[in-house]
Amino acid sequence: MNELCSRKWVPKRKPFETETVSKLCKELGISSQLASLLISRGFCEYATAHKFLNPSLHDLPDPFLMAGMEQAVSRLELAFCRQEKIIVFGDYDMDGIAATTILVDYLRKTGFEVDFIIPSRLTEGYGLNANAVKLIAEEGATLLVTVDCGISSFAEAQLAKSLNLDLIITDHHQIPEKLPAALAIINPHLDHCRYPDKNLAGVGVVFNLMMALRRHLRQSGLAREINLLQYLDLVALGTVADIMLLTGVNRILTSYGLVEINKANRLGLRALLEASRFPHGQEVKARDLAYRLAPRINAVGRIDNAKIAVELFLTNDKAIARQRAQFLEECNTLRRKIESDIKEEVEEILSGGNEYADKRAIILASEKWHPGVVGIVSSRIAEDHAKPTILMALEKGVGRGSGRSVPGLNLVKALEYCQSHLLRFGGHEQAVGLTINEKEIPGLREGIEEFLTRSDFKIRGLPDLEIDAYLEPLEINQKLLNEIELLEPLGPGNPEPIFALRKMRLLKTLSVGQSRKRHFKFTFAGEQDTRLSGIAFNFNGISPKSGDQLDLAFTAEKNTWQGKTEIRLNLIDFHFYQ
């Protein structure tokens, strides 16, 4: 809830036909409230609604529908038979860390000779690089498999080929105009790829490779069976951390992955939950992956080297797990401090009434900024100012930065328009990474503005807030929470239901959190003296005062603190009652 009364509230969908709701209630044995929530998500028929509520691994598409899968599996089988040395090269974010971990662990348990490389964000930057390729070839590897990167590594693929190093690329980023010359490329976004779900994370692509390889090895009688369920914890973590849609295949993988996480079989994850002081015995949900675990794992790649996180998840030694988990915790604490300092400086620049105020995009650089943290700050600035944002850390005349977009703008396309100013770039529609010579930054600014003008991009305010349902205070109860639970895992594509209450009287407020300014707790009274408590996170608007009557927009959850459990409203927005 960042700004007071800044958003218009609209119903998520037009009123549903009573017959549709009643029919779904009868067929599924659910309440009208849950039926309405399903219909608002597009599940109006029994078959689709039932499949949504009951995700099953049996509904996963055949991995061999992916282009390049046959070639990749055949080459890996040959490497198995020849006992060739394989290197897995991953990205330094949570998705790449998860993909690297599960592929290396599976190959090792199957009997492959395999090692891994995670590049340093601070010294090597994103993606495959020439020095790494040369080192891999010099150390005698004959097969290189990239995970969560490689689709734009045209020059590096040529180098690998010249060194007789076979290359398999597994990636999920957007397809460039020119593909690398690899032995096999597995990416659901390829034009000729028949895999029906294009929204996989990098770790989802790798899990499909593992399913296909296991089937191939089983049919050939070459290797023992490995249960792949054990890897779904990291598949879920990587998928949620990369902000992928939690629909279709991702919903299935994440649902089963959360089950594995809550079994607490992986030492590294258990140690990380303990280091983060996650309440013992409390169920881990998708939001915990996004807001508690993923930031800590990503932090080590931003501050130090992400290889430490891979080692954390691969280890079977409790002492090493605790040591690595504590190091991740310390990295995250440092990351938060650096992030806060950079954001404060950016806000000072933007509030100074300078030439950036009228620009459609925010593009800034500084020698004082940390290259591993600018991406997080870009995300915060883009969200707060509703403008695409690129922040760059400068060192010796070179800027390494990250950009975050806003709804309706493909930031990769914008960078393609300006690529003559860039040394390298890549990413998703909404998130990019780039390297640029400092002297080219003014040209980048002009190019981005020109692209936005030509594409008729208009700066928008905060989008309308879609309300799933208006409730009465007495309807906020355990039954409602149980029904929301059936929609899990919740996230992009399947967001937490947003409810609204009318004419709630504010009884008291209390500032909480280390800053004493960031979060506010509220207690409200409704009809029949119903009492409800809530919290507003990261609030920087004008706080209402006791006695004010408010309309509230919120999500509802069960909150446990110091052994006490209550239903809590997480406030998103409020309006003064008219």
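**A residue in its helix, and the packing beyond**

Modeller: The residue to start from is T110, which lies in helix α5, and what follows describes a predicted model. T110 has a relative accessibility of 7%, and since anything under 20% is taken as buried, T110 counts as buried. If its neighbours within four places in sequence are left aside, T110 is in contact with F80, L217, A223 and I226.

Helix α5 covers residues 94–110 and helix α8 covers residues 202–220, and their axes come within 8 Å and cross at roughly 15°. With angles under 35 degrees counted as roughly parallel, α5 is therefore roughly parallel to α8. The crossing in which α5 passes α8 is right-handed. On the α5 side the contact is made by D95, A98, A99, I102, L103, Y106, L107 and T110, while α8 brings G202, V203, V206, F207, M210, L213, R214 and L217. Sorted by class, this contact of α5 with α8 has 12 nonpolar residues, two polar ones and two charged ones.

Two packed helices are described by the angle between their axes and the distance between the axes. For helix α9 (residues 232–241) and helix α10 (residues 248–263), the axes come within 7 Å and cross at roughly 125°. The two helices, α9 and α10, are therefore oblique to each other, and their crossing is left-handed. The residues that make this contact are L232, D233, V235, A236, T239 and V240 from α9, together with N250, L253, T254, Y256, G257, L258, E260 and I261 from α10. By class, eight residues in the contact of α9 with α10 are nonpolar, four are polar and two are charged.

Helix α11 is the next to consider, and its axis and that of helix α14 come within 8 Å, with α11 spanning residues 267–275 and α14 residues 318–350. These axes cross at roughly 45°, so α11 is oblique to α14, and the crossing is right-handed. In this contact L267, G268, A271, L272 and A275 of α11 meet K318, A321, R322, A325, Q326, L328 and E329 of α14. The residues of the contact divide into seven nonpolar, two polar and three charged.

Helix α11 is also mostly covered, for seven of its nine residues are buried. These buried residues are L267, G268, L269, A271, L272, L273 and A275. They pack against α9, α10 and α14, and also against α12 (286–303) and α13 (307–314). After α11 comes R277, whose phi is positive and near 60°.

The strands complete this tour. Strands of a sheet pair through backbone hydrogen bonds, either parallel or antiparallel.

Strand β7 (residues 362–366) is mostly covered, with four of its five residues buried. Strand β7 is joined by five bridges to strand β8 (residues 389–395), and the two run parallel; within this pair, I362 stands opposite T389 in β8. Strand β10 (residues 424–427) and strand β11 (residues 431–437), in turn, pair in the antiparallel sense over four bridges, with G426 opposite G433 in β11. A hairpin joins β10 to β11 through three residues.

Technical notes: Residues numbered from 1 in each chain as written. Predicted model: local features only at pLDDT ≥ 70, side-chain atom pairs only at ≥ 80, totals over all residues. Heavy atoms only, no water. Axes fitted to C-alpha atoms, helices over the stretch in contact; angles between N-to-C directions. Parallel < 35°, antiparallel > 145°, perpendicular 65-115°, else oblique. Left-handed = near helix turned anticlockwise from the far one by under 90°. Contact = heavy atoms within 4.5 Å. Nonpolar A, V, L, I, M, F, W, Y, C, P; charged D, E, K, R; others polar. Pairing = 2+ DSSP bridges. Buried < 20%, exposed > 50% of the residue type's maximum accessible area, 1.4 Å probe, protein only.
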